[in-house]
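Let's take a friendly walk through a protein model, starting with a helix and then turning to some spots in the backbone. Have a look at the structure first.

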Amino acid sequence: MPTVVIASPKGGAGKSTTAVLLGTELAHAGAKVVMMDCDPNQSLTLWADRGPLPDRISILSSVSESDIVKTIKRHDTDGQIVIVDLEGVASRLVSRAISQADLVITPMRATTLDATIGVRALQLISEEEEALDRKIPHAVVFTMTKAIKSKQHSGIAGSLAEQGVDLINPPLMERAAFSALFEFGGDLHTMPAQGNMEGAIENAAQFAQAVYQRLAGEAAE
Amino acid sequence: MTDKPFNIDLSRLKTREKDRSAQAVEKTDRAGEELGFVAREPQKKRGRKPSPRTGQVHAKVMPGISEEIANEARRRGVQQGVIIEEAWKLYKNKSGI
């Protein structure tokens, strides 16, 4: 089954939150998910240690540059979705993980700084597509967005869309429940209510569904 | 809102064939390096590991003996200290030390 790589060389873009939301929502919808923590800060591992892992999720910690390709190969089998959470730096680990992706998601806050640095991941994907002679599907998701879209957000989204970048809709909004995942562990369905819980669950589920549609669509090609 | 807002059809999710050869990894590394995606993990120390033999004996022996010890060590591909250690072991066994 597909490998989804969450990549951006920008720290604090929301990679680990995106990975946890995607993994837990896909598992909640019935998929078996393997989550790989390739971030030296071990955000996914911290999340996993906070509470019982949701059903159908397993986690692999401390996957490094030298073993990323073979670790993905070992788990990239029919029957489970692999989600790779990467470190927020430009490293060889990132480029190797991207080479193994069926879909690369670049989380990006709707700021000029995030967009400028995040675009480097898109450039890398393009270079790897050429080097490996293989299409690497990729998409951008805006993270920590507000209910009212800023001019900056609209401008960046418009610019990316003009360049043909696939933007995942809905973006992941700034939600107390999303950040609380790293306090309580588990998923949105089991944690104590945080803010507008129903809105958070709906946002995460719609995001996961949008990713699933891309994976299913690509697989059907 | 239902508890399970969408269903996953697992049969629609298939893995794609990816090139995992050493050549493909090399091409990936090269493509990344051009954009500043370089190796950032600490590299392993190069070269020979330090010997655990840190003790030292200060022995003068007859010229022929030193040559024989050196030749035997070279023949076996070990340090001269290994020969001395073995000799000491034999001496201890013989002497009951």
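What covers the buried residues of H5(A)? Before answering, keep in mind that this is a predicted model. The cover includes parts of chain A, namely helix H4 (92-99), strand E5 (103-109), strand E6 (138-145) and helix H6 (151-162), together with helix H1 (22-34) of chain B.

Now find the helix itself. H5 of chain A runs through residues 112-132, which makes 21 residues. From its first C-alpha to its last it reaches 30 Å, close to the 30 Å expected at 1.5 Å a residue. Among its buried residues are A:Gly118, A:Val119, A:Leu122 and A:Ile125, and the list also includes A:Asp114, A:Glu127 and A:Glu128.

Next, follow the backbone out of the helix. Most residues other than glycine have a negative phi, and most peptide bonds are trans. Just after H5(A), however, A:Asp133 takes a positive phi of about 55 degrees. This residue sits in the loop between H5 and E6 of chain A. A:Asp133 counts as exposed because it has 9 other C-beta atoms within 10 Å, and the limit for exposed is 12 or fewer.

A:Arg56 also has a positive phi, near 70 degrees. Look for A:Arg56 in the loop between helix H2 (43-50) and strand E3 (57-60) of chain A. With 18 other C-beta atoms within 10 Å, A:Arg56 is partly exposed.

One last stop is a peptide bond. A:Asn169 and A:Pro170 are joined by a cis peptide bond, with omega at about 10 degrees. You will find A:Pro170 in the loop between H6 and strand E7 (172-173) of chain A.

Terms used:
Residues numbered from 1 in each chain as written. Chains lettered and ligands numbered in written order. Predicted model: local features only at pLDDT ≥ 70, side-chain atom pairs only at ≥ 80, totals over all residues. Helix = DSSP H or I, 4+ residues; strand = E, 2+ residues; numbered from the N terminus. Expected span 1.5 Å × (residues − 1). Buried ≥ 20, exposed ≤ 12 C-beta atoms within 10 Å, placed from the backbone. Contact = placed C-beta atoms within 7 Å.
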